[in-house]
Amino acid sequence: MRFVFILLLFLSEGFCKAQTPDIFRLEYMLMPENSLNIKTSRVKLLANIPFKVFKKDILVVGGEYNWYNYSVPNEAFSNVDDLSRFYVVDLNLAYILKWNEDWRLVGVVTPRWASNFTDGIQREDFNINYTLGTYKDKKDIEKPFRLVLGLAYNASSPLKIPLPVVYYEKRFHPDWSYTLGVPKMGLKYFTEKQHFFQTEVILDGYYVNIQNDILLSDSALSTDISSTAVLATFGYQYKFTKDISVYAMTGYTIYQSGVLR
C-alpha cells in the first residue's frame with residue numbers, strides 16, 4: 001500500500017450538480033514510490049460551462065485534462081522514457097433533459113485523446129465515449145438524496161460493452177451523509193462553519209495508447225497500457241463561499257495494477 005495525497009480547488013454550480021458537479025476543478029495527486037520504485041503524480045484540470053435551453057433543460061460544454069507523470073527505473077525497459085508521461089484529454093458535450101418534476105435524462109458524448117504523445121497525435125490516440133442515464137435529485141425534504149442510474153461505453157476499454165453507472169447520495173442526519181456507487185463510496189460529516197470531513201473508497205484508472213510500441217521480455221509488443229487503483233482516503237474540505245471550496249485528501253492504495261497490453 002502507498003500513501004496518497006490529493007489537493008483540489010473547485011467551483012461548483014447548484015443547478016448542474018447531479019451529473020456535472022464542477023464548473024472548474026484543479027487537482028494535484030501524489031503517490032510516492034511503491035515496492036517497484038515507481039512514483040506517480042497527476043495533474044487534473046476540468047472546466048464545464050452550462051447553458052439553459054428551453055427554460056427547463058441544460059446544455060453543458062466542457063473538457064478535462066489529465067497529465068500522469070511516472071518515475072520508472074531505467075532498467076525496467078529499453079525505452080523507459082516512453083512510459084514516463086501519459087495524457088488523457090476529454091471534450092464533453094452533455095444534454096440534461098427535464099423529464100418531469102423528479103427525474104432528469106442525461107446524455108453525454110466524450111471525444112477522448114489518450115496517449116503518451118511521443119510523436120504528435122495519431123489516429124490510435126482517439127476514441128469517443130458515450131454515457132446515457134437518468135437522475136433524481138430531492139433537496140427540499142428532511143433527508144435529501146440524489147440517485148443516478150445509467151450506462152457508459154468506453155471505446156478504449158478492453159470490455160466492448162456498456163457498463164452500469166450507479167450513484168446514490170443521502171443526507172440521513174443533519175450532520176451526516178453517505179455515498180454508494182462507482183467510482184466512489186464514502187461517509188461525510190458536516191459542521192456549521194463550512195468545514196467538512198469525509199472518508200471515501202475510490203476506484204481510479206486509465207487506458208491509453210503507446211505510440212512507440214514497447215518490446216517485452218517475451219518478444220511481444222505492447223501497444224497500450226492500463227492502470228487500475230483502489231484508494232482508501234480521508235479528506236477535509238473548506239467552503240470559502242457557497243460555490244468555491246478547497247479540499248485535501250490523504251490515504252493508502254488498497255490495490256493497484258498496471259498492465260502493458
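Rings of Phe, Tyr and Trp (its six-membered ring) pair if their centres lie within 6.5 Å; planes under 30 degrees apart count as stacked, over 60 as edge-to-face and the rest as tilted. This is a predicted model, where local features need pLDDT of at least 70 and side-chain atom pairs count only at pLDDT 80 or more, while totals for chains, interfaces and linings use all residues. Residues are numbered from 1 along each chain as its sequence is written, and side-chain values use heavy atoms, without hydrogens and water.

Q: Which residues form one aromatic cluster with Tyr 68?
A: Tyr 70, Phe 86 and Tyr 206 do. The whole structure holds 15 aromatic pairs.

Q: Why is the pair of Phe 197 and Tyr 236 called tilted?
A: The ring centres are 5.3 Å apart, within the 6.5 Å limit.

Q: What makes Phe 197 partly exposed?
A: Its relative accessible area is 34%. Buried means under 20% and exposed over 50%, with partly exposed in between (1.4 Å probe, protein chains only). Tyr 236, at 29%, is also partly exposed.

Q: How do you know that Lys 188 sits over the ring of Phe 196?
A: The test asks for NZ of Lys or CZ of Arg within 6 Å of the ring centre and within 35 degrees of the ring normal. The charged end of Lys 188 is 4.9 Å from the centre of the Phe 196 ring. Arg 171 lies over the face of Phe 190, at 3.7 Å from the ring centre.
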